[in-house]
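Subject: Structure handover and notes

Hello,

Here is the structure you are taking over. Please look at it first, then read the notes below.

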Amino acid sequence: MTESKEPVLRVDNICKILGGKKILRSVSFSLQRGELKVLIGPSGAGKSTLLQCINFLIPPDKGHVWLEGTEIQSRRKRDLYAFRQQVGMIFQDFNLFDHLNALENVAIALRKVKRMNRQAARDRAVAELERVGLGDKLELFPAELSGGQKQRVSIARALAMDPKIMLLDEPTSALDPELIGEVLSVIRDLARGGMTMVLATHQIGFTRTLADEVLFMENGSIIERGLPEELLSPNAGTRSRDFCSRLDELYAENE
Amino acid sequence: MHNSFSVVFEALPYLLKGAIVTSGIVIGAMGIGLVLGIHMAVGQVFGNRAVRWLVSLYVWFFRGVPVLVLLFLFYFGLFTLAGLNLSAFAASTLVLGMTTAAYQSQIFRGAILSLPRGQLQAARALGMSDIKAIINIILPQALRFSIPGWSNEYSIILKDSALAFVLGTSEIMARSHFVASRTYQDLPLYITAGCLYFILTWLGVRALLKLEAKVRIPGYSH
């Protein structure tokens, strides 16, 4: 590992007030190439808003975002669109395009944004869908896919754009328990393949094994950060540990 | 002495030509309404305050004034004032087109608003501009969901087109009236006119139902 490399993504002092409520209070972090940072914390902590502020789907009130050392000027539309192409985003409820089949869902941005021709876009889309294990579902429409399959299509859609980083906003929270595994395994493969990612999740086990750093958010701030074994070990005595043990209890009760 | 059957039979080719004129007015008006209506709906949903205000002013005007008044207002008033020398056919088509645009814009607006908002977010996240997202993601779905409302609007405009008679357009109603006033066979002629309108309505609505089935998204129930 080389030290003091320039971070791929740097987020500085992001603040956001929505409806008079402070959702984000000066959030900062940075991401090295190949790193997986996991955002955990209670609902309403601001994890989702933070991810959407990073690619300006929600414009932050204050703060700066750098991609590979270049600050993003979100007011310049062209810069903003170019930046977003390099940042893959996965949503909790998939947000597939309902009128397009799996193949077209992946191909449309290649054609309309990257201006690839129909055949090249198709080939790339097929390759990405095969990568997430959906090579036999190309012609199916979102309404014909299970939740886990939909989320994998949305991951293929993001990967096809060759993103430099990926933002994953609770990708398994809308899934039935038996479908979570197939999506987590795709994300695990991405992490092992060196994809740089920020993942908001409640999957603590997954976080323990794969996170390079855990960011614990509460009330719009990152209040704890560190290696998963430091923050989440049984006698760490941290706020993160407390939160996770309550999640564990919850799932234990359900079983 | 005219036999009612023979009058209708002899007048039928003449009346059918009227049906072609009526179809021309309706197709023209629905086409104008489609193009204007889509733009207005997009403007009303995604536009800035000035655009939204302009569109809603337009919609209030055309929804608030009777079609008959609009036909007279534009044909004898505004078109002349603007130095346009339009035929009665063109003027009727244009006025009905502008009127249906107001209603159609609201059909499309409702359809756009009924789409899950996340799809626009996903399109933006992929680097699409709003225009690209509207053209490639929003409208293909919104227009599908608009077909039932649009079909209803078609049947209304078809019947409103009978008002073009007052400007002297030689459509179904004008021709029926003309023959009736010369043969005094009002009842059979207006029954025939009614049947022609009914058939045109039925054909159009049926065609739109077919279109709706053809473009239905597999597995999707809305």
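Two residues count as in contact if their C-beta atoms, placed from the backbone, lie within 7 Å. By that rule, 20 residues of chain B touch 22 residues of chain A. On the chain B side, the elements that give two or more residues are helix H5 (118–125) and helix H6 (130–160). Helices (H or I, at least four residues) and strands (E, at least two) are DSSP runs, numbered from the N terminus. The chain B residues that touch chain A divide into nine nonpolar, eight polar and three charged. Here Ala, Val, Leu, Ile, Met, Phe, Trp, Tyr, Cys and Pro count as nonpolar, Asp, Glu, Lys and Arg as charged, and the others, Gly among them, as polar.

Before the rest, some conventions. The model is predicted: local features need pLDDT of at least 70, and side-chain atom pairs count only at pLDDT 80 or more, while totals for chains, interfaces and linings use all residues. Residues are numbered from 1 along each chain as its sequence is written, and chains are lettered from A and ligands numbered from 1 in the order in which they are written.

Chain B

Chain B has eight helices and zero strands. Its C-alpha trace spans about 75 × 45 × 25 Å along the principal axes. Of its 222 residues, 37% are buried (20 or more other C-beta atoms within 10 Å of the residue's own, all placed from the backbone). Among contacts in chain B between residues at least 6 apart in sequence, 80% join residues at least 24 apart.

How do H1(B) and H7(B) pack? Helix H1 (residues 4–46) and helix H7 (residues 172–183) of chain B meet at an angle of about 155 degrees, and their axes are 7 Å apart. That makes the two helices, H1(B) and H7(B), roughly antiparallel, a term for angles over 145 degrees. Axes are lines fitted to C-alpha atoms, for helices over the stretch in contact, and angles run from 0 to 180 degrees between N-to-C directions. The residues of this contact divide into eight nonpolar, four polar and one charged. Among them are Gly18(B) in H1(B) and Arg175(B) in H7(B).

Chain A

Two strands of a sheet pair if DSSP finds at least two bridges between them. Four strands of chain A form an open sheet in the order S2-S1-S4-S5, with antiparallel pairing. Its edge strands are S2 (21–31) and S5 (70–71), each of which pairs on one side only. Strand S1 (residues 9–18) of chain A is joined to S2(A) by seven bridges, and Arg10(A) stands opposite Ser30(A) in S2(A).

Strand S9 (residues 213–218) of chain A has two pairings to look at. With strand S3 (residues 36–40) of chain A, S9(A) runs parallel over four bridges, and Leu39(A) stands opposite Leu215(A). With strand S10 (residues 221–226) of chain A, S9(A) runs antiparallel over five bridges. S9(A) and S10(A) form a hairpin with two residues between them, and Asn219(A) in the turn has a positive phi of about 50 degrees. Glu218(A) stands opposite Ser221(A) in S10(A).

Last, a helix pair. Helix H3 (residues 102–112) and helix H4 (residues 118–131) of chain A pack at an angle of about 130 degrees, with axes 8 Å apart. H3(A) and H4(A) are therefore oblique to each other, the class left over once angles under 35 degrees (roughly parallel), over 145 (roughly antiparallel) and 65 to 115 (roughly perpendicular) are set aside. Their contact has nine nonpolar, no polar and five charged residues.

Regards

Terms used. Buried ≥ 20, exposed ≤ 12 C-beta atoms within 10 Å, placed from the backbone.
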